[in-house]
Amino acid sequence: MSSREQSQATDRILGAVCLVFALVLAFIWIPLDAETGLIEKARRRLVIGDGLAPTVAAGLLAVSGLWLCLSGWWRRSGGALHRENLGFLLRFGGLVVLCLLVMRWAGPVAVWASGDTLDAYRLLRDTAPWKYLGYLLGGTLLIAGVVAWIERGLRWRSVALAFAVVLALALLYDLPFEDLLLPPNGDV
């Protein structure tokens, strides 16, 4: 097998894995996990359901996987999947898992540190500043971590820019929708 054929096969495998994962998300995981559908009608008005945002994310993942499969035929050269690639994917996955843990637990731990119990966070999860803590800390850590990884060093400008982007996203989701809880507050 030539290096070009090996590269195309690698892209098709990675794209197929992404595509299968997106289909599992969209048709198995999200329907079993979300309490409501994509869009719900409540008191004669339409509201965003629990399943809309993750379904959109699964759709974007499916398009990306399909694109990766098809790009294997279009590219003339590229690299094959090596041990270094898998190491990179594992380290990147570790960073994402760490940031998701910070996102999940920052709010409850902050409430606990203020002298309340961990369960009290459930009552506060839709009030400022508690509802923003996990999203802002985990999101800023994720973006600043990826930028620091790429630039091979952490810069305060990158942290400030990551915080501004995550804050803008939080306000974009939170302000127009009364019924929408910022992630991960819906699962707490």
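Student: Which residues of α6 are buried?

Tutor: In this predicted model, the buried residues of α6 are S158, V159, A162, V166, A170 and D174.

Student: What covers the buried residues of α6?

Tutor: The cover includes α5.

Student: How far does α6 reach from its first C-alpha to its last?

Tutor: The helix α6 has 19 residues and reaches 26 Å, close to the 27 Å expected at 1.5 Å a residue.

Student: Which residues make up the largest nonpolar core?

Tutor: The general idea comes first again. In soluble globular proteins, nonpolar side chains tend to be buried together. Here the largest nonpolar core has seven residues: M103, Y132, Y135, L136, V166, A170 and L182. Both α5 and α6 supply at least two residues of this core, and α5 gives the most, with three.

Student: What does Y135 touch, leaving out residues up to four places away in sequence?

Tutor: Y135 touches M103, T140, V166, L169, A170, Y173 and P183.

Student: How many aromatic pairs does a search of the whole structure find?

Tutor: The search finds three. A pair of aromatic rings is described by the distance of the centres and the angle of the planes. One of the pairs is F88 with F92, which is stacked, at 6.3 Å centre to centre and 15° between the planes. F88 and F92 both lie in helix α3 (residues 83-113), four residues apart, about one turn of the helix.

Student: Which residue forms a tilted pair with F92?

Tutor: That residue is W149, with 6.3 Å centre to centre and 35° between the planes. This pair links distant parts of the chain: F92 is in helix α3 and W149 in helix α5 (residues 130-151), 57 residues apart. W149 counts as partly exposed, at 30% relative accessibility. Together, F88, F92 and W149 form one aromatic cluster.

Student: What lies over the face of W105?

Tutor: R104 does, at 4.2 Å from the ring centre.

Terms used. Residues numbered from 1 in each chain as written. Predicted model: local features only at pLDDT ≥ 70, side-chain atom pairs only at ≥ 80, totals over all residues. Heavy atoms only, no water. Phe/Tyr/Trp six-rings, centres within 6.5 Å; stacked < 30°, edge-to-face > 60°. Buried < 20%, exposed > 50% of the residue type's maximum accessible area, 1.4 Å probe, protein only. Lys NZ or Arg CZ within 6 Å of the ring centre and 35° of its normal. Core = buried A, V, L, I, M, F, W, Y, C linked by side-chain atoms within 4.5 Å. Contact = heavy atoms within 4.5 Å. Expected span 1.5 Å × (residues − 1).
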